[in-house]
Amino acid sequence: MRRFSWFNATSLTLGFAFLYLPMIILVIYSFNASKLVTVWAGFSTKWYGELLRNDAFLDAAWVTLKVAVMSSSFATVLGTMAAIVLVRAGRFYGRTLFSGMIYAPLVMPEVITGLSLLLLFIGIGLDRGVLTIVLAHTTFSMCYVSVVVSSRLVSFDQSLEEAALDLGCTPFQAFRLVTLPIIAPAVISGWLLAFTLSLDDLVIASFTAGPSATTLPMKIWSSVRLGVSPEINALSTLMIAIVAVGVITASLVSKRAAVKQQKDERAAERAEAA
Amino acid sequence: MALDAFAPWEDPNADPIIHFQNVTKRFGDFTAIDDLTIDIYEKEFFALLGPSGCGKTTLMRMLAGFETPTEGTILLQGQNIAPVPPNKRAVNMMFQSYALFPHLSVWENIAFGLKRDGMAKNDINDRVDEMLRLTRLETFARRKPHQISGGQRQRVALARSLAKHPKLLLLDEPLGALDKKLRQETQFELMDIQEKTGTTFVIVTHDQEEAMTVASRVAVMDHGKIIQVATPDAIYETPNSTYVADFIGDVNLIEGKATSKDNDKLSIAWAEGQPEIVGTPTTEFGNGQTVHFAIRPEKVAISAEKPEAANALQGKILDIAYLGNISTYHVELAGGQVIKAQTANNRRLSRRTFTWEDNVWLSFTDTAGVLLER
Amino acid sequence: MRRLTLIAIPYVWLLALFLVPFLIVFKIALSDSALAIPPYVPTLDLSEGWAGFTAFLSELDFENFVWLTEDDLYWKAYLSSLKIAVISTVLTLIVGYPIAYGMARAPQEWRATLLMLVILPFWTSFLIRVYSWMGILSQEGYLNQLLMSLGLISEPLIILNTNTAVYIGIVYTYLPFMILPIYSALEKLDESLLEAAEDLGCSRFTAFWLVTVPLSKQGIIAGSFLVFIPTLGEFVIPSLLGGSKTLMIGKVLWEEFFSNRDWPVASAVAVILLLILVIPIILFQRNEQKQREAEG
């Protein structure tokens, strides 16, 4: 019954225009033929071609992808473990310190996290490269994963696990066969979050990368500091497109699952009524 | 000398405080209120009763000013209130959810409306204290709504809506959130407060017992129309339709064909092999016209021997519902029809005579039931 | 036993890669810078045993912190970071509240979509979102082109490389952090409370101030901290959109480290930034705690 009032419609329109116009402009101008990025000189996809021939960018993209896959996978395992410890392990010595170390990285300025990790790697004499970036990214993104997973675990009905134990499961089987499938959506979104955080990170990677590895954000950074460039516009458009396709697919899939569940429930009700 | 009964609706010279004139309210294709005309008088405790979706809440929200009629006019003391916004109406509402402001204390909640009127500080203090006394909440003034019980919250909501001396107080299912025992106590409290303050109350409820208990008049609604407006006893004893008879309390409904008899009685042929039922009509029925005979279970007597009565039917006890003070017997007649009869349990259980499968006689006088056209 | 392993693995990981590095920062903040690798003294030499350790301790001092108080660059950087963080938090609140309000009052079937539209930018690169404003705000950028073609200005406005651009960048990138907590507070708001306020004599506007705003207070506070805390240490936005006059502590730290290679001073800057952040972080935690208690 409810409709948009003119005030709400206006504030939403202006608000979303503000959120999306800059990116839309970026996408449009990535197809600009001119090297002068602010002057429109006709449609062209030549900057995408240039981008694909630029080995430095391709190498950086490959490094970033490797780092993101590895660090988000480690972070998911560690973060899920940490979440179980937070929610289920009860009291143990040093629990306050533990939960402090989980929440602190969420609010820690990236410059400080980056600096401290760099000083550690130098202190123990670890050569900086892909490995150090993976270690750094795993550490800060496992905290995000554990927050996502623990919020799901808190609302998890523990009697399900007790039922599994009652029916003869070992605690580990109960976790693997009952708890894990149910919290799986949270674990998956934790992985996705860790993956994007890693893809996105500039500051921590800059501190921990060293000369032997360059990630895509670092490459973008060094070129945009000099100003707007058409190649970066093209690269940005590709990244925006990938994210948009990913998010829209994910939301369609989950919507379809929800619709299917509703349909099944209704069918079950009808069957019961009949 | 008996006191004059309070019945302004019977006085042709009385001016109603609220007058609905052919009011219709539509939401899109849905007609919530359908060409409705009704008067409510000062100091009345008026109940709008009906199933959910019958339009009673819409009617109330139009009085409060949250909805405007699609057609027709609503007069408050002769003034058309359609152009008056809710915050300018001398009408206050007690919400079903109570809608107590969670960030304000009990005291501040009650004072909220008074402050809006720009009342002097001392007057506000006095008025809030008076309301706290009236609703027995003095000791809870500083608490927040989540720190008091459901019954106390209900009284805060009442105090808040009464604080501004409204000409009309609207109560939307005011007791719906309370449990049964508390609800019964609160009903009497509400009547008491209504009498003390002399405010006109309009209550919306789907609970017929509640409406019967508190109201001076009850309006039974269905599908946006008012089916009957009358005092609780008139609604119960002389419903104007099978809908009202069925909605209020328990009833046996029997459909048959009318035949006029002498001395203003009517005979109803209703089932093969059963004697015709004799009743007293209040309106004209033609011979052969369909008639609905409605009789309350407590007006049907049950006995082992055939009694001397205008109507007597024989059957077998199918079910007994023992409710403590009364018992309801479901008696199956030879043709398979079931009639309910109710008796007061004046004696202890062990002394009672009827049990399952017993053959019994049901009887009632020729004035016990009501004859309805529809 | 299994429980112990479960606790130990993430615990040891965080100790080694979060707490220890942190202590190292503290330690280096107390060291002196040197032209060496690593570029600071003293370094801990465990081969000399206890004597080495005490010698190491005796060489630590607060010289770098003294240095920070003497050079007014650092003072100004901290103060200007605070100022920029406060102003941009207020601006984000002003921009974000109406959007959150509009979302919470939108028809039910629209809300999931609107929510997704607010969250979607989170998934796109932060760097790219900041970068997108460079083309808009530059002197020959799209904004100036638009304003000049409309005849509103004759000379291009200088926005890029000023604090104004930094404010725009911060409001833009942190807006979702403000919208989401306010939206979740407003969505829970029972509409009959507003009707009750009107019924008791409030106009729509006073009902908004007396009921809606107080009841969304928790969301406003949470959103403000979520913007304020990361903004204080922000590096990317002031570096890309701000000018040479834009002083922010994250940028100073970065330059101290990468350009001046003065690790001890960079560490001291980090320690002080952290001390400043402790207060808002504790306040934020308390607000969250209060909210949980109110709900539970």
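Strand E7 of chain B, covering residues 168-172, is mostly covered, with five of its five residues buried. Here, strands (E, at least two residues) and helices (H or I, at least four) are DSSP runs, numbered from the N terminus. A residue counts as buried if 20 or more other C-beta atoms lie within 10 Å of its own, as exposed if 12 or fewer do, and as partly exposed in between, with C-beta atoms placed from the backbone. The model is a predicted one, in which local features need pLDDT of at least 70 and side-chain atom pairs count only at pLDDT 80 or more, while totals for chains, interfaces and linings use all residues. Residues are numbered from 1 along each chain as its sequence is written, and chains are lettered from A and ligands numbered from 1 in the order in which they are written.

Back to E7(B): both of its faces are covered, with B:Leu168, B:Leu170 and B:Asp172 buried on one side and B:Leu169 and B:Leu171 buried on the other. Strand E6 (residues 91-94) of chain B runs parallel to E7(B) and is joined to it by four bridges; two strands pair if DSSP finds at least two bridges between them. B:Val91 has B:Leu168 as its bridge partner in E7(B). Strand E8 (residues 200-205) of chain B is also parallel to E7(B), through five bridges, and B:Asp172 finds its bridge partner there in B:Val204. With helix H5 (residues 180-197) of chain B, E7(B) and E8(B) form a right-handed β-α-β unit; right-handed says that, with the strands pointing away from the viewer, the path from the first strand over the helix to the second runs clockwise.

Over in chain C, C:Leu160 sits in the loop between helix H7 (142-149) and helix H8 (163-188). C:Leu160 is buried because 24 other C-beta atoms lie within 10 Å. Its C-alpha atom is 8.6 Å from that of C:Trp133, 27 residues apart along the chain. Not counting residues up to four places away in sequence, C:Leu160 touches C:Met134, C:Leu137, C:Ser138, C:Gln139, C:Ala165 and C:Leu241, where contact is taken as C-beta atoms, placed from the backbone, within 7 Å.

Chain C meets both of the other chains. Its contact with chain A brings together 63 residues of chain C and 56 residues of chain A. On the chain C side, H1(C) gives the most, with 17 residues, and the side divides into 49 nonpolar, eleven polar and three charged residues. In this scheme, Ala, Val, Leu, Ile, Met, Phe, Trp, Tyr, Cys and Pro are nonpolar, Asp, Glu, Lys and Arg are charged, and the others, Gly among them, are polar. With chain B, 14 residues of chain C are in contact with 17 residues of chain B. H9(C) gives the most to that side of chain C, with six residues, and the classes there come to seven nonpolar, three polar and four charged.

As for nonpolar cores, each is a set of buried Ala, Val, Leu, Ile, Met, Phe, Trp, Tyr and Cys residues joined through C-beta atoms within 7 Å. The largest has 145 residues, and those touching the most other members are A:Leu115, C:Ala100, C:Trp133, C:Ile179, C:Leu241, C:Leu253 and C:Val269. H8(C) gives the most to this core, with 15 residues. Apart from it lies another core, of 98 residues, including B:Met93, B:Ala157, B:Ala211 and B:Ile295.

Terms used. Two residues are in contact if their C-beta atoms, placed from the backbone, lie within 7 Å.
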